[in-house]
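Dear colleague,

Please read them with the structure open beside you.

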Amino acid sequence: RIGSFGYAGVDGLVGLGGENLSGRVVFSSMLSQGDFPYRDQHGQAAIRQNADMKRNQAMLSLMARNPEHQRLRLTHLTTVFDRGIPGPAQFPTPNARQEAIHLFTSLHGTSPLGSDLVFESRLAHRMERSHYWDLDANLDSSGEQRALMHQFLLRSGLSWFPNSEHEFEAEVEASFDQGRVQNAGLEELQLNENRVSLSIRDTWSLEKWIFYLGLRSEQWSEDKLQWAPRAGIRWNVHEEEGFSQSWRMGLGRAYRIPSLSERYVDLGSVRGNPDLEPEIGWSADLSWDMKVGRFAFSLTPFATYYQSTILFMPQSLYLVQAENARDALALGMESRLSLALPMRHRLTLGHTFTHARFLDPDVAMPGRPKHSGHLSLVGHMGPLEHEILVRGRSGVSLDRFGGIREEGHIWLDANLAWQRRSFSLVLRLQNILDDRSAVDHLQQALPGRSIFLVFD
């Protein structure tokens, strides 16, 4: 795979503030051009990947406040884009495109109720309209999808601070989704969904100990009420200049409703699944942190049991579709070592080992590398800040049976920033070694060497 990919754009902000009323307007425009010709078995350029995009965004934000510390913020964001949709690495899509407009409006208010209570509320609306089409759709993909969705959100919360050692929070959220979308057979589906959730959190600080208890309950349409408890504890064993040590432990249940995109999106080679069930699982972790002089070290073993999870899995050579996978276990260990060097430099080394497999049959979970890590060197020299980052991962499976695999990769990145008073100039280099053979979990090509230059 050869080719190039480039971005060009401009961002801007205009703000005006007063004692009781302030506002700002933010706009962003970006254009990207992609040229990814694929070579056939004889080394000749074959099909070109479709990977360009035009995106324009504008945001208006107004905030009012009074001497009683009551605040009200109104925010509106509009996003319009037109982009090409790349297909799997083996089967590029030269003529697949998507046009879309996203609108988001939010009214957010906070108000103190006495000296130890704070009330917070948010009312929001989101609209998404999109049109996807592919003139050369294969037999496994639909050639067109139109979608229009509205979401209404109401959230209210209360925070209580009885003293400096105790904090309690409670929040109620309700959302309503309405819209219509075409399925793979170009039949129009009417969608009406609602969900209600309640979450509470209680945190106590007692000398060297911090205790945390949380509970979230949620009901989705006709689904039964789900509970997600969470508990945690932190013990600051020792804290003084030049030496500190602490332990942290957490245990909880997770519950996540599949998004509308995971259920109904259809972008040719990537398709959702309307029959998806929620993700449910349990997780536990234990962490040890220590700092001695210039050294800082952390070690975190973790375990996660997936009773049900959502994965995008290959269904054919041309199609990746969302599906539920059950009974999987992930065990692992995260470690991090940091060393402060002379001349305002810091060296950091991180590594994650993960053993993630389905229980029946006993095969590796897709998209979970056994080894991943990074090595970074950050330094400051007057107005200049520089960073060199090496990151990598071992090979991963891309399907549920280990038949499709992605090899391991190593990437080299670098950042250089110059700041002087109110001006800054940032240069970012990503994938300097220009590895163009990597793909993501949807088997779509990852970018080769990339250069970003930002002036602020």
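Which side chain meets that of Asp82 in a salt bridge? It is the side chain of Arg97, at 3.1 Å from N to O, where a salt bridge means a side-chain nitrogen of Lys or Arg within 4 Å of a carboxyl oxygen of Asp or Glu. Before going further, please note that this is a predicted model, in which local features need pLDDT of at least 70 and side-chain atom pairs count only at pLDDT 80 or more, while totals for chains, interfaces and linings use all residues. Residues are numbered from 1 along each chain as its sequence is written, and side-chain values use heavy atoms, with hydrogens and water left out.

By this rule there are 18 salt bridges. Asp82 is partly exposed, with a relative accessible area of 23%, whereas Arg97 is buried at 18% (buried means under 20% relative accessible area, exposed over 50%, and partly exposed in between, with a 1.4 Å probe and protein chains only).

Another salt bridge joins Glu167 to Arg201, with the closest N and O atoms 3.6 Å apart. Because Glu167 lies in strand β9 (residues 166-182) and Arg201 in strand β10 (residues 188-206), the pair ties together parts that are 34 residues apart in sequence; strands (E, at least two residues) are DSSP runs, numbered from the N terminus. Glu167 and Arg201 also belong to a network of salt bridges with Glu169.

Finally, Arg391 and Asp413 meet in a salt bridge at 2.6 Å, N to O. Arg391 is partly exposed at 29% relative accessibility, while Asp413 is buried at 8%.

Note on methods: Helix = DSSP H or I, 4+ residues; strand = E, 2+ residues; numbered from the N terminus.
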